[in-house]
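Open your viewer and keep the selection panel at hand. We will go from the whole chain down to single residues.

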Amino acid sequence: MSTANKAYNQSVKSIDVISVIPQMFEALHYGVLGRAVKNGLLQITCWDVRDYSEDKHRTVDDKPYGGGPGMVMMAKPLRKAILHIQAQRDKPLWVVYLSPQGTVLKQPGVMRLKEKLSTHNLVLLCGRYEGIDERLIESLVDEECSLGDYVLSGGEFAAMVVIDAMVRLLPGALGDNTSASDDSFSRGLLEYPHYTRPENDEGARVPEVLLSGDHQAIARWRSRMALQRTLAKRPDLLESAQLSAEEKEILAELKKIIIGD
Ligand SMILES: C[S@@+](CC[C@H](N)C(=O)[O-])C[C@H]1O[C@@H](n2cnc3c(N)ncnc32)[C@H](O)[C@@H]1O
């Protein structure tokens, strides 16, 4: 993770984050993300909005016109930060404002943003207080992205979620033995269940097929379990999942068993 103004390699995928609390992004030093950055798969640069304030108190917010509670982030420091980032980058920026009013992020949205990293420098704009001046959104924001229908106190955790979800899709981000392709939502289904040692955990045994060494049987079982648990936990996903003819057959059979359809 670099902080602003350090040496920058233009050829690498990059994400710029604008926040009043850039220190929160220390969390990105760890796990899959920390490794991806260390291995040069992408660069993440955090920018402190207060560095673009124009007064000695480093103010970035002010009272809302029309009255009411809370403060609003001023457009000017944010605009200066965005234009400063653009001047440092050779690709166009794609500015995403993390906002409860944005499109709720789902796996296809994560994939789309990951693709954007090839052609654009992604800028994640984190709001605080009551949010940011509408005129900045209208002039410089390309899309608004929400984590869900609830309100967070700031966009920082939302930005970290977006970054984490995207980065694990980058080739080489996950270890050799792991892959995002079986994960829940990657094919529109929930993933099958996992088990590890011991074979017998206080009387609960690992399903026999997983001990059989028969890879085809294991693949069939996993495919069935993915369908079964999607039907049980998230039946809404099945409406848009792309299923093979075999999966459709299994699903029809499961529906008969589980819901007597
Ligand atoms: C307290 S919220 C502002 C909420 C705003 N007054 C409203 O009601 O729409 C402060 C900041 O947190 C972030 N935020 C809050 N909820 C979010 C969500 N569900 N998804 C993404 N970001 C969110 C946004 O950056 C927002 O500007």
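**Before you click.** This is a predicted model, in which local features need pLDDT of at least 70 and side-chain atom pairs count only at pLDDT 80 or more, while totals for chains, interfaces and linings use all residues. Residues are numbered from 1 along each chain as its sequence is written.

**Whole protein.** Show the C-alpha trace, which spans about 70 × 45 × 40 Å along its principal axes. Switch to cartoon for eight helices and ten strands; these are DSSP runs numbered from the N terminus, helices being H or I of at least four residues and strands E of at least two. Now colour 2-167 as domain 1 and 180-259 as domain 2, with bounds that come from an automatic or database domain assignment. The C-alpha centres of the two domains lie 37 Å apart.

**The cores.** Buried residues make up 26% of the 261 residues; buried means 20 or more other C-beta atoms within 10 Å of the residue's own, exposed means 12 or fewer, and partly exposed is in between, with C-beta atoms placed from the backbone. The largest nonpolar core has 44 residues, and Val17, Leu124 and Leu125 touch the most other members. α5 gives the most to this core, with six residues. Such a core is a set of buried Ala, Val, Leu, Ile, Met, Phe, Trp, Tyr and Cys residues joined through C-beta atoms within 7 Å. Apart from it lies another core of seven residues, among them Leu190, Tyr192, Ala226 and Leu251.

**Helix α3.** Finally, select residues 107-119. Which residues of α3 are buried? They are Val110, Leu113 and Leu117. Look down the axis of α3: its buried residues fall within an arc of 65°, so they line one face of the helix. The arc is that of the directions from the helix axis to the C-beta atoms. Pro108, Glu115, Ser118 and Thr119 are exposed on the other side.
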